[in-house]
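Welcome to this structure. Have a look at it first, and then read the notes below.

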Amino acid sequence: MSNTRRSFLTKAAVAAALSPLAGVSGAFGQGLAHSLANTPRHSSPSDLKITDVKCGYSGGGLFVKIFTNQDIWGTGEGVDAVGGTYFMVQQLGRRLKGRSPLTPNRIFEEFRKGGFFAGAQSGVYVAVLSAFDAALWDLCGKALGLPVHQLMGGKFRDKVRVYCDTELYAVRNPKPEDYANAAVQAVGNGYTAVKFDIDSATDPNKFDRYNWTASNAELERMFDSIAAVRKAVGPHVDICVDMHGRYDAPTGRKVAKMMEPLNLMWLEEPVPADNIDVYRTITQETSTPICGGENFYLGYGYTRILEQAAIDIIMPDLQKCGGLGEGQRIANLANLYYTPFSPHMVGSFLGAMATAHVCASVPNFHILEWQTLSDTEPRWKEIVTYDKPFIEKGFLVVSDKPGIGVELNLDGLKKYATPGIPFFE
Ligand SMILES: [Mg+2]
């Protein structure tokens, strides 16, 4: 994408030069017409208008592309809470046609307030809005020739630290040695922090399918798995442990206390996200830092939990909680409570880089999620266009290209498109 700005020629001067009456030299006129034809149209932000919005679905992701009357577009991603939203994207997209994309915060607020009775407080509405918001920031950056982090106030850092979320969740009933081996492999690949899941619906020591009080044998499995990781990686590598909000309060409290000797970076969602009072009890009882927030939406999802110090570390998912602008507002709100901002991220590299711009733009950024699958499965490389390694030695280098700096590869994405849903039609 060229970054050339509109030349010093004003529209009036161009019109006059192209007028049949103005030409004293045919060669001059042709040369000007040629240079105008080769002048990138994105050099005219004041005339930039949205012409269309299209989308595609792949895996758990929604990909939105906003087209304009000039040769630039914006892309954004939504995750998790995006099922069944094709017609919502069409409906919101129609409202954008003919508008300038250069006011993402204003458009976000119009859609959010305008959807007050349509579920704009959380869930699918906000996840779709997140994809639109990122696409608008991408478009702003391309129109103005600036990376998103610059539009958001500039960088505190050039690269953001990531933790490696392991593939162990794909292994049925992994043993402590499986955990240890995966951790050693991740550290060998340059990561300085790892995350493991310890929740299991198929643990043979569960007594009841619907009750989520962990049995003593389950608790022992959880502790032994993470103790094996700590032993394998030594004291300096950070370890996060995720319980996916499945367990009940006594189990959450026990696990948090039990993990204290292992010096976790955090214990994530020990209980479901709905009851803040239970979170607060666990957080106040243990020295294990408690992390949560991948299932909270908008800034409002964080106000009470921050006021009550109910969690130690917040992990908004910027492909789901409201987008890049709202993500930055949440991070800044958390900063007032001296709370680290450690975003959840299960999207593609487009989503990772979009999130990284926000991570770069706030002081309290802590660490960003990264999935090992994105290193090992070809799909994740095929669906985007990017000319460097995604992750280098456990860090994501923030793009300085205009916009987000990562493009969707629609041919690659189409191979993995969700069947039965129109793909960018
Ligand atoms: Mg999680």
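1. How close do the axes of helix H7 and helix H8 come, and at what angle do they cross? The axes of H7 (residues 176–188) and H8 (residues 216–233) come within 8 Å and cross at roughly 35°. Axes here are lines fitted to C-alpha atoms over the stretch in contact, with angles running from 0 to 180 degrees between N-to-C directions. Where the two helices meet, H7 contributes residues including Tyr179, Ala183 and Val187, and H8 contributes residues including Ser225, Ala228 and Ala232.

2. A word on the source: this is a predicted model, in which local features need pLDDT of at least 70, side-chain atom pairs count only at pLDDT 80 or more, and totals for chains, interfaces and linings use all residues. Residues are numbered from 1 along each chain as its sequence is written.

3. The mean pLDDT (the predictor's confidence in each residue, from 0 to 100) is 91, and 89% of residues reach 70 or more. Please take care with residues 1–25, where pLDDT stays under 50. Where pLDDT is low, the predicted coordinates should not be read in detail.

4. The protein has 16 helices and 13 strands, counted as DSSP runs (helices H or I, at least four residues; strands E, at least two) and numbered from the N terminus.

Technical notes:
Contact = placed C-beta atoms within 7 Å.
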